[in-house]
Amino acid sequence: NIGVYSRRALAAGARFVVAIEPAPENLTCLRRNLASEIAGGRLRIAETGLWNEEDSLTLIIDPHNSGGNSFITRNQEAYESTKIPVTTIDNLVRHLGIEQVGFIKMDIEASEQKALDGAQQTLARFRPRMAIAVEHTPDRLANALAVIDRAKSARADYHVTCGFCYVTKNNLILPEILYFS
């Protein structure tokens, strides 16, 4: 979105970070917030969305929360932007010549399943640890199970733990973030 997590990852010792952002207004903030990291060669911005194939999709803009922009979900006041390019994680890793993927943080507003479908080679090859948000769909449990299934289809040996959880009015505990190690 605007680089908060990227900066934390670099401060925690990441050698190189790829920040992926499709929304033009967020890209402006991201570039400004991480200008020294970009100039120092420790961060690269990929101006694209993540999906299961190369394509161009209409980005749905949330006028009240730029972190809520999505290719899938829409709130009542959202509006459609122009077409935005999307790519796969596998293609991005190949195109950028990335030799090691140690961690993937994904909070992409209901596109996580599609992005994981496009990351099968990367997951199988590098087995990166992951933190994946799963709270963006009406059926959070089904989404969480589908995200787990897609990650484990690449690497059956992933261990999954639940991060922050949401408790419904019926006392059902639903995950918001899944951690893969």
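Glu 109 is found in the loop between strand S6 (103-106) and helix H5 (112-117), where helices (H or I, at least four residues) and strands (E, at least two) are DSSP runs numbered from the N terminus. The model is predicted, with local features needing pLDDT of at least 70 and side-chain atom pairs pLDDT 80 or more, while totals for chains, interfaces and linings use all residues. Residues are numbered from 1 along each chain as its sequence is written, and side-chain values use heavy atoms, with hydrogens and water left out.

**Exercise 1. The chain as a whole**

Task: State how many helices and strands the protein chain has, and explain why it is as compact as a globular protein of its length.

Solution: 
Step 1. The protein chain contains 7 helices and 11 strands.
Step 2. Its radius of gyration is 16 Å, close to the 16 Å that the globule rule gives for 181 residues, so the chain is as compact as a globular protein of that length. The radius is taken over C-alpha atoms, and the rule is 2.2 Å times the number of residues to the power 0.38.
Step 3. Along the principal axes, the C-alpha atoms fill a box of roughly 50 × 40 × 30 Å.
Step 4. Buried residues make up 42% of the 181.
Step 5. Of the contacts (heavy atoms within 4.5 Å) between residues at least 6 apart in sequence, 66% join residues at least 24 apart.

**Exercise 2. Salt bridges**

Task: State how many salt bridges the structure holds, and locate the partners of the pair Arg 140 and Glu 176.

Solution: 
Step 1. A salt bridge is a side-chain nitrogen of Lys or Arg within 4 Å of a carboxyl oxygen of Asp or Glu. The structure holds 7 of them.
Step 2. Arg 140 and Glu 176 meet in a salt bridge of 2.4 Å, N to O. This pair links distant parts of the chain: Arg 140 is in helix H7, and Glu 176 is in the loop between strand S10 (173-175) and strand S11 (177-180), 36 residues apart. Glu 176 counts as buried, at 13% relative accessibility.
Step 3. Asp 157 and Arg 127 also form a salt bridge (3.2 Å, N to O). Asp 157 is in the loop between helix H7 (140-154) and strand S8 (160-162), and Arg 127 is in the loop between helix H6 (120-126) and strand S7 (129-133), 30 residues apart. Asp 157 is partly exposed at 40% relative accessibility, and Arg 127 is partly exposed at 27%.
Step 4. In the salt bridge between Glu 80 and Arg 74, the closest N and O atoms are 2.8 Å apart. Glu 80 is exposed at 51% relative accessibility, whereas Arg 74 is partly exposed at 45%.

Terms used: Buried < 20%, exposed > 50% of the residue type's maximum accessible area, 1.4 Å probe, protein only.
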